[in-house]
Amino acid sequence: ELEESEKFYVGQPRVLLLIYALYNTLVARSEMVCYFVIILNHMISASMITLVLPILIFLWAMLSVPRPSKRFWMTAIVYTEVAIVIKYFFQFGFFPWNKHVDYTKDKPYHPPNIIGIEKKEGYVHYDLVQLLALFFHRSILKCHGLWDEDEKGDSSSNKGDTDDELSLAGGRRDSSASLKSVNLAASVESIHVHFPEQQAAIRRKSSSSISQLSHRSSFSSHRSKRDINHTTLSLYFLQCKLCVIKSHCGLCCFRTLQVYVPIRQFFYNLIHPDYSAVTDVYVLMFLADTVDFIIIVFGFWAFGKHSAAADITSSLSEDQVPEAFLVMVLIQFGTMVVDRALYLKKTVMGKVIFQVILVFGIHFWMFFILPGVTERKFSQNTVAQLWYFVKCVYFGLSAYQIRCGYPTRVLGNFLTKSYNYVNLFLFQGFRLVPFLTELRAVMDWVWTDTTLSLSSWICVEDIYAHIFILKCWRESEKRYPQPRGQKKKKVVKYGMGGMIIVLLICIVWFPLLFMSLIKSVAGITNKPLDVSITITLGGYQPIFTMSAQQNQLKSLDQNEFSEFLGSYRGNTAALQFLEGYAREDITRADLEGNSNSLWTISPPSRKKMIQGLLDFDADFTLVISWTIQRTLEEVYPYYIKAPSDSLAKPIKQLLKDCKWENITVSLVKTNTSEEWWVLNQLGKRHKMSQESLELFIFSDKVSPPSLGFLAGYGIMGLYASVVLVIGKFVREFFSGISHSIMFEELPNVDRILKLCTDIFLVRETGELELEEDLYAKLIFLYRSPETMIKWTREKT
């Protein structure tokens, strides 16, 4: 029947087999499905009701050995059912806060929103999915006989109280007993009810301590400490029981111990296990923190107030550091440093304390402080939700690290475990990150026991990195050998060499290509919003002030633009200038000829100005943002170029024979002694009956905002900051080869690599004197070329 069943399943379609595989994966990781649904429910609801279970996951379920107990799952199921009933009860409209739901639904600090009892559509959908996932996991545990494992452990342990069981006093005896220790709400009375018998057992154990030590030497130190702690707790517990009759305070103390003792016992067993499956997930935790760091950098606006439309590049270009960005970066970076320190010190207790502080701190900040800062609910902050989800992944990995224990030895970088191209390029990319290699080396030196100085430590790290890179290249040469006397293949030459040639050419001509294409291809038309003309006679009050805005700024249609280009046919300089402008880049400004302000001048200054104008032998200046002669001929620039900067210039290529337009200036006086100046342009292209001025503005295209920080340097700036810097590194690569032949051309680096790993190993084992000897040997090796040649010969 089994063979027939196997043949039946093998013969099913691939789609059905895929569904079977996915279901089996779901069954095998059903507890992870429950965790995911609980966290997702809290991310969407973001209330105090849903906050309890995520905290219990990271501080109870994921820390339980070997798996969460039945008590946890029953707590989660009952709590979810109660939460559903509470949310349903508060959906009735007779509650005062349900009468203005539209007004209060987006307020983060509205009490019903904080608690999670607000009235809304689909208020219980995710809770029902959560309850369904919990019942699904419960059914799987029952199918495998793991649901009642706790009760079986309790019944078996109560059948006989042997000396070992009494001495352990509720400690971790086996897998079932370890599950029993997880029950946080277990009664302390059931553990210590036979206190006189325990004392007798302890006395009997002391008489036969020699025989017991003979077969318990592997973990006697842990159990002896645990016996002392349990005996002390038993004495305190018995005293509190005796005080119950005397006072109400004794009853409160007794109830407190009923909660405190199981929690203390849970964390004590976690920090001091009888055995541990040592693992190392620091790399995954570091990657999760790195992802969170990237989310903060590119989504910092989600953690501040009134910053939804902020841009980190524009903020930094204006020398403004957003407070939210600074706080989040410092907190994230600080937690990464602390995590690295705990990993190097291998202290599980510190990691447990850090986990508790971080879980409570992150949840309190994300769900109670951040909504007040951003003035929007957490469920409406997508970036914050993504950051929190990645942080939950970190919490899960951190709990797994605590449960299994830190590795005994931490040797080298995680990227140096294999010698292939992937590890090689990742390791070199890791070393290219600014200050990351230096910071890691200094932190490792601070939190690792060693006799080496900081400079010696960095020297060993540098030698190890260099030897690892050489080892990767030598392994690649062994995998892909090159026969002697055979020329390089064209694929290699044109592939690698051609790519380098193209790269070098692109670097050299990058500024010119970038500045020419950034505005012609990706440029944005920057039309003027306001055109103003101010004319001043001599040093007196301005006689004319006028602005053109909105409807007075007009674009040329296609016929006008074609006619405009035709008027300059044969003028090479003008056509070359117009080649860089399109029709939408040209704006015609029509300015009213009458000044928009009265001419206010004192009588003495007026007389003095009249005398200056009547004196034809003397020079008199007229200022239109430049200085000219007294006469008003050829003073008006008909064509103005508006570049990307703030300085507008006349276009000499379009001014025929470098002659500008003539304008007339006249003073108008009314019967009320009010007077103003009137200007009129004589050679207007578009004739108008009234007095007016006409101006053509050519607007240069500007770079997109996303590339403005790079285009702002200009061509010379890009050459100085990009090409020359990159050229320096390239020149060092090509010109410094002769000085490194002794250390680069090493045929076999296995012995040097083993010497470096031996230094790491003896350091981890505490053999610090041997570390000094091996380091001296390594330095002597690099000081002696003859010895280096002997050490790096190929093995025969």
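1. Let's start with a cysteine: Cys34 is buried, with a relative accessible area of 1%. Here, buried means under 20% relative accessible area, exposed means over 50%, and partly exposed lies in between (1.4 Å probe, protein chains only).

2. Please keep in mind that this is a predicted model, where local features need pLDDT of at least 70, side-chain atom pairs count only at pLDDT 80 or more, and totals for chains, interfaces and linings use all residues. Residues are numbered from 1 along each chain as its sequence is written, and side-chain values use heavy atoms, with hydrogens and water left out.

3. How many disulfides are there by the rule of cysteine sulfur atoms within 2.5 Å? The count comes to zero. Cys756 is in no disulfide, as the nearest cysteine sulfur, that of Cys459, is 9.3 Å away. Cys756 is also buried, at 0% relative accessible area.

4. Patch residues have over 30% relative accessible area and no salt bridge; nonpolar side chains (Val, Leu, Ile, Met, Phe, Trp, Tyr) are joined within 5 Å, like charges within 9 Å. A salt bridge is a side-chain nitrogen of Lys or Arg within 4 Å of a carboxyl oxygen of Asp or Glu. Ile505 sits in helix H25 (residues 490–520) and is partly exposed, at 47% relative accessibility. Helices are DSSP runs (H or I) of at least four residues, numbered from the N terminus.

5. A patch of negative charge brings together Glu767, Glu769, Glu772 and Asp773 on the surface. Asp773 belongs to helix H33 (residues 768–783) and is exposed, with a relative accessible area of 52%.

Note on methods
Accessible areas come from the Shrake-Rupley method with a 1.4 Å probe; for residues, only the protein chains shown count as cover. Lys and Arg count as positive and Asp and Glu as negative; His and the chain ends are not counted. The place of a charge is taken as NZ of Lys, CZ of Arg, CG of Asp or CD of Glu. Helices (H or I, at least four residues) and strands (E, at least two) are DSSP runs, numbered from the N terminus. A disulfide is a pair of cysteine sulfur atoms within 2.5 Å.
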